[in-house]
Structures are given as C-alpha cells and as structure tokens.
Amino acid sequence: MGKNYVDIENDRGESLRYRKHTNGRGLVAHGAKVHPSAIVEAGAYVEPGVQIAAGAHVGRGVWVEADAVIGPEADIAPHAHIGSGAAIGAGAKIGVRTHIGTGARVAVNSLIGDDETVGDGE
C-alpha cells in the first residue's frame with residue numbers, strides 16, 4: 001500500500017502536506033475539515049482552512065481555495081474553482097468550469113450553470 005499523503009510546494013516556496021480523502025482520493029490540505037461522508041474526487045485540491053459538510057460532492061479537478069465553506073449536500077462539478085473565503089450554501093449546484101470568486105456567497109439550493117463566473121464578494 002502506498003503512502004496516503006503528498007507534499008506540494010506552493011508559490012511562496014512552502015511545502016504543504018495533502019492527504020488523500022478516503023471518499024474519492026482527492027487531496028485535502030492539513031488544516032482543512034472534510035466530513036467523512038463528503039466525496040472529494042481524485043484530482044481535486046482542498047486548501048487549508050476549508051470546511052466541507054456532510055454529503056457534499058467535490059468533482060474531479062476542482063480547486064477549493066483556503067477558508068472556503070461548502071455546505072451540506074452541495075455539488076461542485078468537475079474543474080470548478082471556489083475562491084478563498086467563498087461560501088456555497090446547502091444543496092447548491094455549481095457547474096463545470098465555473099469560477100466562484102473570493103468571498104462570494106452562493107445561496108442555499110442555488111444552481112450556477114457551466115462556465116459561469118460569480119465575481120469576488122458577490
């Protein structure tokens with residue numbers, strides 16, 4: 001059995017340790033909190049300070065930046081980008097390649113389509 005973590009150097013030359021999440025094998029940084037029932041697919045990156053609630057789904061290739069919050073049963077489609085400090089409400093659906101800006105808020109049960117952009121702080 002291989003190791004269950006990966007060390008990656010960030011833009012500032014600091015080494016960050018990511019563990020492979022048991023549901024999906026996506027990479028979760030030390031300091032992030034991901035509920036055991038959440039799915040973080042392979043190729044996804046979850047940065048420090050992120051909180052992902054029960055039943056949430058983070059698709060392949062998604063990048064969730066530091067201190068973002070993903071609510072219960074939220075669904076983040078592949079290759080989306082969730083900005084630092086953003087909040088995704090319970091049951092919200094975020095489309096493929098969609099960008100949610102820094103500090104943005106997505107309401108409970110919202111549907112954001114594919115290739116959309118929600119600006120910083122919106």
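User: Is Y45 buried, exposed or partly exposed?
Analyst: This is a predicted model, where local features need pLDDT of at least 70, side-chain atom pairs count only at pLDDT 80 or more, and totals for chains, interfaces and linings use all residues. Residues are numbered from 1 along each chain as its sequence is written, and side-chain values use heavy atoms, without hydrogens and water. Buried means under 20% relative accessible area, exposed over 50%, with partly exposed in between (1.4 Å probe, protein chains only). Y45 has a relative accessible area of 31%, so Y45 is partly exposed.

User: What kind of pair do the rings of Y18 and Y45 form?
Analyst: Rings of Phe, Tyr and Trp (its six-membered ring) pair if their centres lie within 6.5 Å; planes under 30 degrees apart are stacked, over 60 edge-to-face, and the rest tilted. The count here is one aromatic pair. The centres of Y18 and Y45 are 5.9 Å apart and the planes stand at 90°, so the pair is edge-to-face.

User: Is I76 buried or exposed?
Analyst: I76 lies in strand β11 (residues 75–76); strands are DSSP runs of E, at least two residues, numbered from the N terminus. Its relative accessibility is 0%, so I76 is buried.

User: Which residues does I82 contact, leaving aside neighbours within four places in sequence?
Analyst: Contact means heavy atoms within 4.5 Å. By that rule, I82 is in contact with W63, V64, E65, A68, I70, I76, I88 and I100.

Key. Helix = DSSP H or I, 4+ residues; strand = E, 2+ residues; numbered from the N terminus.
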